[in-house]
Amino acid sequence: MAAESDIRYLTPPSIEVKKDKYCRFKKSKIKHVDYKNPDYLMRFLNEQGKVLPRRLTGTSLKFQRKVSQSIKRARQLALLPFVADNLK
Amino acid sequence: MSQYETIFVMTPVLSDEQLKETVSEYVNLLKQKGAEIVHQDNWGLRKLAYPIKKKSTGFYHLIEFKGPGSVIAELELAYKRDERLLRFLSVNLDDHAVAFNDKFRGKSGSKSKKEEVKA
């Protein structure tokens, strides 16, 4: 049987270090997501202007709702686009 | 007497005094209806994220006021009738929002002055 060291991997096995996601609002004690500040809300949009899902941003359900509601309000006021191709 | 916040976007084709006249018209309407203006903030001419009524820029004006709920109905009715306004939005502020506004008075909207359009 080939010993452990004899096995040559084509690509080094990347051990996926599990970094735990945290809700940035809970951590920094932010209580209110403001809809008038497009630069801050831009972080929660992807390149096409869509709202990023919770599994990527790691925010808790309560704040994800606040963020999505303020994004929709900002879109209503034309502070944020509904669709965009190269937002970032 | 809950606190509200209303923002409206005016067409860029207005001259200066028409602009001021529109704003003062709504401020007086609020005062007549028994609302107390807490804070006003004019963001000036800003680029819109998407064209509204074939216009790509607009004058933003924010009014924060305390008042009875019935004020909103009349205010929005006047907004709908006014063709100088491209868009309006009025929001009921909960206590976190009020605390936030007091702390960051007039920072969030007018802060992004750099992408101001030099009309």
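**Close-up 1. Four strands of chain B make an open sheet.** In this predicted model, the 4 strands of the open sheet in chain B follow the order S2-S3-S1-S4, and their pairing is antiparallel. When you trace the sheet, look for its edge strands, S2 and S4 of chain B, each of which pairs on one side only. From one strand to the next, the twist averages 20°. As you compare side chains along a strand, keep a general point in mind: in a regular strand they alternate between the two faces of the sheet.

Close-up 2. How many bridges join S2(B) and S3(B)? The two strands pair over 11 bridges, in the antiparallel sense.

**Close-up 3. Chain B meets chain A.** At this interface, 24 residues of chain B are in contact with 17 residues of chain A. For chain B and chain A, the buried area is about 1800 Å², and carbon and sulfur atoms give 62% of it. The count of residue pairs in polar contact between the two chains is 7, with both residues at pLDDT 80 or more.

**Close-up 4. Several elements of chain B build the side that touches chain A.** Strands S1 (2-10), S2 (36-52), S3 (55-67) and S4 (85-92) of chain B each give two or more residues to this side, and so do helices H3 (95-103) and H4 (108-111) of chain B. Which element gives the largest share? That is S2(B), with 7 residues. Sorted by class, this side of chain B has 13 nonpolar, 5 polar and 6 charged residues.

**Close-up 5. A salt bridge links the two chains.** Across the interface of chain B and chain A, 1 salt bridge is found. Which residue of chain A forms a salt bridge with B:Glu5? The partner is A:Lys36, and the closest N and O atoms of the pair are 2.9 Å apart.

Notes:
Residues are numbered from 1 along each chain as its sequence is written. Chains are lettered from A and ligands numbered from 1 in the order in which they are written. This is a predicted model: local features need pLDDT of at least 70, side-chain atom pairs count only at pLDDT 80 or more; totals for chains, interfaces and linings use all residues. Side-chain values use heavy atoms; hydrogens and water are left out. Contact means heavy atoms within 4.5 Å. Buried area is the accessible area (1.4 Å probe) that two parts lose on being put together, summed over both. A salt bridge is a side-chain nitrogen of Lys or Arg within 4 Å of a carboxyl oxygen of Asp or Glu. A polar contact is a pair of N or O atoms within 3.5 Å; within protein, one must be able to donate a hydrogen and the other to accept it, and residues adjacent in sequence count only if both atoms are side-chain atoms. Ala, Val, Leu, Ile, Met, Phe, Trp, Tyr, Cys and Pro count as nonpolar, Asp, Glu, Lys and Arg as charged, and the others, Gly among them, as polar. Two strands pair if DSSP finds at least two bridges between them. Axes are lines fitted to C-alpha atoms, for helices over the stretch in contact, and angles run from 0 to 180 degrees between N-to-C directions.
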